[in-house]
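The structure is shown first.

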Amino acid sequence: MGRILALDVGRRRIGLAIALEGSAAHGLGALVRRSLRDDVERLKRMAQERSVERFVVGLPLNMDGSESPMAREVRVFGERLQRETGIEVLYQDERLTSFEAEERLKQRGMSLKRMLEAKRQGAVDEMAAVIVLEDYLERADRA
């Protein structure tokens, strides 16, 4: 069983979550974006340190399933990541994951003020990556 690193790629931050295939997803925080080259290099080091065998990248599709401009940016990022690391990159539909991430944080009793602070610190991005990975693992279990 291999380790999977999930990414919720945004313009400001990249939410991170990891799991062994068949186990629960765990958040790893969020990286503040710098540049494509630097972001890929940091993820490459992280993947090597954690013996990652696969990346699962959240793909922000439109509600009708078509690709948004951000989805195209994410694919460019994923292609670069795969080329630079040699690690397979898979995409997982992430429609509504940011909304679900905020809802989960609210359910944990987070106030609006703390929610805004959490957003700035990447907690929503991290939770979105956890959800992307959970969705991927659930789909893989059914296959």
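Entry 1. With which residue does Asp38 form a salt bridge, and how far apart are the closest N and O atoms? I worked from a predicted model. I found the partner of Asp38 to be Arg42, with 3.2 Å between the closest N and O atoms. I then checked where the two residues sit: both belong to helix H1, which runs over residues 36–49. Because Asp38 and Arg42 are 4 residues apart in H1, about one helical turn separates them. As a general point, an α-helix has 3.6 residues a turn, so residues three or four places apart point the same way.

Entry 2. Are the two partners buried or exposed? I noted Asp38 as partly exposed, at a relative accessible area of 24%. Arg42 has 12% relative accessibility and therefore counts as buried, the limit being under 20%.

Entry 3. I looked up what else is joined to this pair. Asp38 and Arg42 belong to a network of salt bridges that also links Arg33, Arg34 and Asp39. For the whole structure I recorded 10 salt bridges.

Entry 4. I turned to another pair in H1, Glu41 and Arg45, which lie 4 residues apart, about one turn of the helix. Their closest N and O atoms are 4.0 Å apart, and the pair forms a salt bridge. Glu41 is partly exposed at 33% relative accessibility, and Arg45 is likewise partly exposed at 40%.

Entry 5. I also recorded the salt bridge between Glu67 and Arg75, with the closest N and O atoms 2.6 Å apart. The relative accessible area is 29% for Glu67, which is partly exposed. Arg75 is partly exposed as well, at 27%.

Entry 6. Which residues of H1 are buried? I listed Asp39, Val40, Arg42, Leu43, Met46 and Ala47. They cover an arc of only 160° around the axis, so they lie on the same side of H1. The face turned away from that buried side carries the exposed residues Arg37, Gln48 and Glu49.

Entry 7. I next asked what the buried residues of H1 pack against. Their partners are strands S1 (3–9), S2 (13–20), S3 (26–32) and S4 (52–59), together with helix H2 (69–85).

Entry 8. Finally, I checked the length of H1. At 1.5 Å a residue, its 14 residues should span 20 Å, and the end C-alpha atoms are 20 Å apart, which agrees. Just after H1, I noted that Ser51 takes a positive phi of about 55°.

Definitions and conventions
Residues are numbered from 1 along each chain as its sequence is written. This is a predicted model: local features need pLDDT of at least 70, side-chain atom pairs count only at pLDDT 80 or more; totals for chains, interfaces and linings use all residues. Side-chain values use heavy atoms; hydrogens and water are left out. A salt bridge is a side-chain nitrogen of Lys or Arg within 4 Å of a carboxyl oxygen of Asp or Glu. Buried means under 20% relative accessible area, exposed over 50%, partly exposed in between (1.4 Å probe, protein chains only). The expected span of a helix is 1.5 Å times one less than its number of residues. The arc is that of the directions from the helix axis to the C-beta atoms. Contact means heavy atoms within 4.5 Å.
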